[in-house]
Amino acid sequence: MKIRFLHCADIHLGYLQYGHKERFNDFAAAFQAVIDKATGVSPPRRGQIVRFDEEVAGPVDYVVLAGDLFHKRSLDALTLNQAIRGLSRLQEAGIPCIAVEGNHERAYYAETIGWMKFLALQGLLILLDAENSEGRLTLTPWDSQRRQGAYCEPKPGLRVYGMRYYGASTGTALESYAAALAVLPKEGVEYSIFVTHAGVEGEMEEKAGGVAFRHWGGLRQQIDYVALGHFHKPFVLEHWIHNPGSPEACSTAESVWTPRGYLVVNVDTESPQGGQQVWQGNLPRRAFRQYRYKTDHARSPEELLQQLEEFLRRKARDLAAEAAARRLEILPAVVELSLTGVLPFDRRALDFAAI
């Protein structure tokens with residue numbers, strides 16, 4: 001059996017980062033760039049272009065989306081339209097999108113369905129999750145009429161399992177899932193993928209949601225490829241657990257993690273070399289810059305504003321020179337400016353909007 005799939009996660013559509021419309025559009029553009037890679041479409045030139053190995057280019061047979069397509073539960077019409085537009089492109093190309101629900105898009109307690117379930121009901125997603133009864137998970141096959149199930153078989157010999165975000169209960173849920181998986185018939189299954197929205201302990205110390213590696217061990221004999229989301233930092237553990245990293249930077253700290261954004265996986269179960277090859281893809285994105293400026297020498301708010309303007313114009317020229325030297329087209333950077341020092345005037349006189 002030969003298959004080729006793209007693994008992505010943490011798209012965060014609808015994130016109005018810094019309250020700036022351009023950043024809202026950047027997250028949508030990143031999603032469309034992932035779709036471009038999946039479908040094999042050459043995108044128009046936008047921002048810093050990264051040259052990819054030919055093996056990373058599409059098209060693929062399937063897309064695996066490991067949670068957090070959306071940034072928040074309450075969607076506006078524009079964000080929903082961005083999701084439908086991208087998923088419709090996959091549908092038109094005949095590429096199924098197999099997904100699980102992340103922590104950012106979980107339905108509110110009183111709601112019957114969330115937006116991921118809505119997209120599944122429209123036929124744009126295969127949304128996988130196990131049925132939970134008093135802490136015990138039941139694995140049922142995907143029902144195309146009811147639009148639900150814990151696993152699907154999009155191609156003979158391929159089985160994809162899914163589990164939604166469980167937060168602090170993820171370790172227990174994984175053990176329950178492994179127990180249910182161990183007794184599930186697997187005749188004819190040549191390759192198995194497990195998709196969930198969770199992290200691994202130790203990969204990001206400051207990030208909640210990491211699960212100790214021992215909790216994943218129960219899946220080892222049953223699963224060939226673990227597809228994760230939740231942590232925005234890319235990592236691969238023991239050539240088995242994979243996290244592609246978020247396509248866009250949700251904070252300044254995340255901007256240094258590159259390459260990241262998606263993984264392309266080639267599987268050939270008849271190959272003597274092990275049958276699985278994974279490539280880390282990258283996407284064009286804005287540069288992030290952090291600048292510090294001492295305010296001690298400004299005698300008035302007006303003088304500080306003038307000094308800051310001169311400082312930032314100088315930094316902008318440096319960025320333009322860098323781009324010219326590297327013969328790159330670079331989008332305007334996201335700048336994080338920190339003011340330090342002692343103000344010789346009342347802080348309330350600062351015009352932060354102007355700055």
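A: Leu305, Leu339, Phe352 and Ile355 make a nonpolar surface patch of about 310 Å². This is a predicted model, where local features need pLDDT of at least 70, side-chain atom pairs count only at pLDDT 80 or more, and totals for chains, interfaces and linings use all residues. Residues are numbered from 1 along each chain as its sequence is written, and side-chain values use heavy atoms, with hydrogens and water left out.

Q: What are patches made of?
A: They take residues with over 30% relative accessible area and no salt bridge; nonpolar side chains (Val, Leu, Ile, Met, Phe, Trp, Tyr) are joined within 5 Å, like charges within 9 Å. A salt bridge is a side-chain nitrogen of Lys or Arg within 4 Å of a carboxyl oxygen of Asp or Glu. Areas come from the Shrake-Rupley method with a 1.4 Å probe; for residues, only the protein chains shown count as cover.

Q: Does leucine 339 count as buried, partly exposed or exposed?
A: Buried means under 20% relative accessible area, exposed over 50%, and partly exposed in between (1.4 Å probe, protein chains only). Leucine 339 has 32% relative accessibility, so it counts as partly exposed. It is found in strand S18 (residues 334–340). Strands (E, at least two residues) and helices (H or I, at least four) are DSSP runs, numbered from the N terminus.

Q: How many aromatic pairs does a search of the whole structure find?
A: Rings of Phe, Tyr and Trp (its six-membered ring) pair if their centres lie within 6.5 Å; planes under 30 degrees apart are stacked, over 60 edge-to-face, the rest tilted. The search finds 7 pairs. One of them joins phenylalanine 5 and tyrosine 225: 5.1 Å centre to centre, 90 degrees between the planes, edge-to-face. Phenylalanine 5 lies in strand S1 (residues 2–8) and tyrosine 225 in strand S12 (residues 225–229), so the pair ties together parts 220 residues apart in sequence. Both residues are buried.

Q: Where does a charge sit over a ring?
A: The test is NZ of Lys or CZ of Arg within 6 Å of the ring centre and within 35 degrees of the ring normal. Here the charged end of arginine 220 sits over the ring of tryptophan 240, 4.5 Å from its centre.

Q: How many disulfides are found?
A: A disulfide is a pair of cysteine sulfur atoms within 2.5 Å. The search finds 0. The sulfur of cysteine 8 is 6.4 Å from the closest cysteine sulfur, in cysteine 97, too far for a bond. Cysteine 8 is buried, at 3% relative accessible area.
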